[in-house]
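Welcome! Here is a short tour for anyone who likes to check geometry by eye. Please have the viewer open as you read.

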Amino acid sequence: MNQVTAIDLGSNSFRVLVYDCLNHEVLGEYNEVVGMADGLSHTQNISLEAQQRVIKAIKNSSEQLSYDPSKAVCVTTAAMRLAKNSQEVLKYIKDEVGANFKIIDGQEEARLTLLAVKYALKREKINSSKFILLDIGGGSTEIIVNNQDEFISNSFNFGIVTLTQKYDNYEDLNKELHAHKKDIKNFLEENNVALDEYTFVATAGTPTTIAAIKLGQDFFHYDKEAVNGTKIKIKDLDECLELFRNSSTSTITKLVGRGRVEFIEVGVYIYKAIFEVLNKKESIVLDDGLREGVAINSCLFRQ
């Protein structure tokens with residue numbers, strides 16, 4: 001079989017990809033919000049409810065895409081890295097549905113995400129030599145600086161779920177974001193990154209949602225081919241924040257999808273903070289991320 005099934009179990013999202021290694025084509029995909037990091041910042045554990053949501057998502061996706069979870073390449077990231085009960089959770093999932101998840105560190109997450117983004121930039125005919133990649137997750141935020149065939153990366157311990165559940169007002173949130181901006185700036189300065197030489201690229205749910213809204217799409221009419229390569233400006237972020245503040249929950253749910261409503265504003269604030277640190281006027285958005293990288297990497301490994 002020249003196809004691979006990749007599963008990315010993130011802190012908020014569960015994403016599956018069935019991928020054709022010969023033609024580098026997507027054969028099927030599945031996305032669901034499972035909220036794995038829900039309550040994690042308070043308890044340091046993955047809740048039983050979250051574990052059951054993951055198991056249900058694996059069962060649903062394997063039925064829809066006709067794959068065997070025990071044969072899928074499964075990775076999991078920040079929430080599992082942080083949780084005290086991660087080993088018990090992974091054993092429980094494997095016993096229930098056969099999926100064997102590997103916890104990957106921030107460096108491997110960066111490498112695999114970068115692999116997908118490089119393929120995507122080439123596909124979109126965008127220069128892929130020098131770019132800074134932002135990947136906003138539920139439990140962590142990755143910054144990857146790519147220069148030709150070399151890259152440096154750092155995984156910062158804040159994400160849309162953990163920050164949303166930590167603060168109930170924007171004053172305290174902005175104080176923490178200000179501290180993270182300093183940390184990111186220090187990382188870039190220590191590595192002598194000349195920011196004006198790099199394109200700003202962003203992946204993950206928040207950037208793709210903003211791109212979709214800019215294009216007039218909503219969660220139920222999401223066209224990732226149109227989203228790929230979309231350019232986002234700070235003005236677009238401010239317009240989204242204004243829209244979210246003045247819309248009903250049902251309207252926002254239609255735009256961003258169930259399970260993302262309470263996190264989207266914090267996601268936009270994080271995205272905006274990175275714009276400011278990098279001193280950029282625009283950001284190129286890509287839908288491709290970790291699960292695509294896992295699939296491509298598995299295909300290359302098989303050759």
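Predicted model: local features only at pLDDT ≥ 70, side-chain atom pairs only at ≥ 80, totals over all residues.

- The buried residues of H7 are Leu173, Glu176, Leu177, His180, Ile184, Phe187 and Leu188. Their arc around the axis is only 125 degrees, which puts them on the same side of H7.
- Turn to the other side of H7 and you will find Glu171, Lys175, Lys182 and Glu190, which are exposed.
- At the start of the helix, the backbone nitrogen of Glu171 has a side-chain oxygen of Asn169 within 3.2 Å.
- Just after H7 comes Asn192, with a positive phi of about 50 degrees.

**The six-stranded sheet**

- An open sheet with mixed pairing is built from 6 strands, in the order S8-S7-S6-S9-S11-S10. S8 and S10 (230-233) are the edge strands, each pairing on one side only. From one strand to the next, the twist averages 25 degrees.
- Within this sheet, S6 (residues 130-136) and S9 (residues 199-203) run parallel and are joined by 5 bridges. Leu133 has Val201 in S9 as its bridge partner.
- Helix H8 (residues 205-214) lies across S6, S9, S10 and S11 (282-285), and runs at about 95 degrees to S10.

- How many of the 8 residues of strand S2 are buried? The count is 8 of the 8 in this strand (residues 13-20), so S2 is largely enclosed by the rest of the structure.
- Both faces of S2 are covered: one side has Ser13, Arg15, Leu17 and Tyr19, while Phe14, Val16, Val18 and Asp20 are on the other. In general, side chains of a regular strand alternate between the two faces of the sheet.
- S1 (residues 3-9) runs antiparallel to S2, with 7 bridges joining them. A hairpin of 3 residues links S1 to S2, and Asp8 stands opposite Arg15 in S2.
- S2 also pairs with S3 (residues 25-33) in the antiparallel sense, over 8 bridges. Here Asp20 stands opposite Glu25 in S3.
- The hairpin of S2 and S3 has 4 residues between the strands, and His24 in this hairpin takes a positive phi near 50 degrees.

Terms used
Residues numbered from 1 in each chain as written. Heavy atoms only, no water. Buried < 20%, exposed > 50% of the residue type's maximum accessible area, 1.4 Å probe, protein only. Helix = DSSP H or I, 4+ residues; strand = E, 2+ residues; numbered from the N terminus. Arc of directions from axis to C-beta. Polar contact = N/O pair within 3.5 Å; in protein donor to acceptor, adjacent residues only side chain to side chain. Pairing = 2+ DSSP bridges. Axes fitted to C-alpha atoms, helices over the stretch in contact; angles between N-to-C directions. Contact = heavy atoms within 4.5 Å.
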